[in-house]
Amino acid sequence: MFEARLPQAAVLKKLVEALKELVTEGNFDVSPSGISLQAMDSSHVCLVTLQLNDDGFEHFRCDRNMSMGIHFGNLSKILKCAGNEDTITLKAEDNADQLTLMFESANQDRISDFDLKLMSIESEHLGIPDQDYSAEVKMPSAEYQRIVRDLTSMGDTVLVSATKEGIKFSTSGDIGTANITLRHNTTPEKEDEQTHIDLKEPVALTFALRYLNNFAKATPLTPQVKLSLTKDLPVVVEYKVGELGQVRFFLAPKIDDEEAMGDDEAQS
Amino acid sequence: MFEARLPQAAVLKKLVEALKELVTEGNFDVSPSGISLQAMDSSHVCLVTLQLNDDGFEHFRCDRNMSMGIHFGNLSKILKCAGNEDTITLKAEDNADQLTLMFESANQDRISDFDLKLMSIESEHLGIPDQDYSAEVKMPSAEYQRIVRDLTSMGDTVLVSATKEGIKFSTSGDIGTANITLRHNTTPEKEDEQTHIDLKEPVALTFALRYLNNFAKATPLTPQVKLSLTKDLPVVVEYKVGELGQVRFFLAPKIDDEEAMGDDEAQS
Amino acid sequence: MFEARLPQAAVLKKLVEALKELVTEGNFDVSPSGISLQAMDSSHVCLVTLQLNDDGFEHFRCDRNMSMGIHFGNLSKILKCAGNEDTITLKAEDNADQLTLMFESANQDRISDFDLKLMSIESEHLGIPDQDYSAEVKMPSAEYQRIVRDLTSMGDTVLVSATKEGIKFSTSGDIGTANITLRHNTTPEKEDEQTHIDLKEPVALTFALRYLNNFAKATPLTPQVKLSLTKDLPVVVEYKVGELGQVRFFLAPKIDDEEAMGDDEAQS
């Protein structure tokens, strides 16, 4: 038997909204230590991993490991029926073919229960090695969202260059070229508004803007996003999921473009 | 001659917005006692009745009974030109082929008059007998709106079950099943937020969600809605129209579904 | 070399939003006295002129006159990347084939530069003679926007009649007729809310609503709009562009309709 309760539905609602465009379906792997997910996006270009730790829940019980195949569009439809402030409880019998979601309003005047049919989804787990990155950039997630959205109106790919002074996003297209630079800046009192660059060596990588844009759907989850960059390796775009854990998006750089555009910049 | 004045256009604007999707056209029957309307929706599935009493108007004069054929989409276009706070006056000569609408801003700086062409619409009046209902449920209209909208994403029909504890809305569809229960609850200080169930006997009826959803377009009119339920009879969904009267929507239950799903529930 | 700086990007963003629907492309003519533009709308029905004076800018330098061919849709895409409060700098070398736009946030933490490719656009300058108008009407720009938008739902053309009492907008269509009158009114304390009619002689002219509606996209620029009307001459619809100058829209009246509908009114 599996049962997990959160005092506020909002975090799960935001998480599923963040995932559903990128990941049509995937397995929630449930174990006594929490809920995890590993899935490729529907075009098999980028990888999404999710970890929600048991101790972040108000109540968490999992008697035996199980894998629940979720259609994220359908889960989203059900979660839209939950109020942000509702208590939410997830439940499933062992080897169940459905996941039950219960929503309770604060004063218990409104109680909803939904059964979501589970799917059988084949998946293989990729081992993702721990990695030292050339550059780790923490920045306001709203700023990240705005930059990749703005650049999408100008071009298809973006060159992301990290130096110790700042992080620069560059693109070009039919109408012209664009460069947006965010400076390393730890002066704002609110940590959420700071931009913090932890640099081992300068790095410049080119990515498809479309995917960086999709990752930004996780912006409502948390005020800061972390970008981890190393030459020839996928970028990791990481958002915290409340106190529960984090969601990470992995996207490989465009190798040709990087060599054509990036090497010079990375040395500068 | 017919003339009727309201100090605020808002109520009439909301009313016509509520009706125009369901009822393409219908006759405003004007008499010295007020304005009434009886119309089938365009798919001839549900019935709408409206009563606006003469004494709810700031000024009301009707020299002889007349029937004015209204295209609600066109009336809506004209009412969109009225400010919510404008005084509104309706005028027509006896046997006129147009209805004049005058809008005046509070300081009289802006005066508009619109002539709406009237239509000739055949209609027959149904006698609607007074009825004792098995269950009368008053609930927040926003809650009703939200429930039927949420369930529409899951299924096509809804089983509405009233017991003395509460009113339950159930549906099922391809992605799973859903139950939302609202408890009888008279504790909120504001009467508008209460849910009040007046029960003679438990009842459970199945309806097409699409129509219950359309009725919810009347939500802006008033904070409470009343549902009146009796076995084998149409549900009545009633909204007050300010101090003027009320609009009622009638929808027959789905008999087959009710027998298959409802009888057991109704006994419980 | 050309360089111009504004302390806030908002005014330029609003201006380009106002123009881009009507004018696909046009030449910014830059001289030491400022920036000007003269362009026909894409259907070659109405004329747009713009004047931004050098002394309205925080900094303005222009070494030699030049003409920069702008695609307004593309310029709009770039300006959407500027924050309303950003400092904005426009730069171009003499005879450049691109215009550089720099946006700087207040605390300099975010710096963007965009290069917009320039176009070669043929254009001829029309001499627009100074003119005494029969009627000059200043009115709240939001009121103008609302009236022409409201009437567009009723008809295709509007008869605009100015008398010393007020300005009346009339239309008719399939669903009926409409008249909206705004009275001369200088009583509101805020000048922005006044309607002021300066009349030499009554005038009534008929225009295509579609264009008057398009002009109203300039509403966010300023709280007042000025309409200048003379028989048989184009109406001038004028909006101030902050402290920089103004944009003017010229639209010829519909002569046939005017004679059919307007002459009587103009004498009244």
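Contact here means heavy atoms within 4.5 Å. The structure is a predicted model. By that criterion, 18 residues of chain A are in contact with 18 residues of chain C. Chain A and chain C bury about 1,500 Å² between them. Carbon and sulfur atoms account for 43% of this area. On the chain A side, A:Arg146, A:Ile175 and A:Arg183 supply 35% of the area buried against chain C, more than any other three residues.

The contact between chain B and chain A takes 18 residues from each of the two chains. About 1,500 Å² is buried between chain B and chain A, 43% of it on carbon and sulfur atoms. In chain B, the residues that lose the most area to chain A are B:Arg146, B:Ile175 and B:Arg183. Together they make up 35% of what that side buries.

A sheet runs through chains A and B. It is open and has 9 strands, in the order 5(A)-1(A)-7(A)-8(A)-9(A)-13(B)-12(B)-11(B)-15(B). The pairing is antiparallel. Strand 5 (59-62) of chain A and strand 15 (203-208) of chain B are the edge strands, each pairing on one side only. On average, neighbouring strands of this sheet are turned by 15 degrees against each other, direction ignored.

Strand 9 (residues 110-117) of chain A and strand 13 (residues 176-183) of chain B run antiparallel and are joined by 7 bridges. A:Asp113 has B:Asn179, in strand 13 of chain B, as its bridge partner. Strands of a sheet pair through backbone hydrogen bonds. Helix 3 (residues 141-152) of chain B lies across strand 9 of chain A.

Helix 3 of chain C covers residues 141-152. At 1.5 Å a residue, its 12 residues should span 16 Å. The end C-alpha atoms are 17 Å apart, which agrees. The buried residues of this helix are C:Ser141, C:Glu143, C:Tyr144, C:Ile147, C:Val148, C:Asp150 and C:Leu151. An α-helix has 3.6 residues a turn, so residues three or four places apart point the same way.

Note on methods. Residues numbered from 1 in each chain as written. Chains lettered and ligands numbered in written order. Predicted model: local features only at pLDDT ≥ 70, side-chain atom pairs only at ≥ 80, totals over all residues. Heavy atoms only, no water. Helix = DSSP H or I, 4+ residues; strand = E, 2+ residues; numbered from the N terminus. Expected span 1.5 Å × (residues − 1). Buried < 20%, exposed > 50% of the residue type's maximum accessible area, 1.4 Å probe, protein only. Pairing = 2+ DSSP bridges. Axes fitted to C-alpha atoms, helices over the stretch in contact; angles between N-to-C directions. Buried area = accessible area lost by both parts, 1.4 Å probe.
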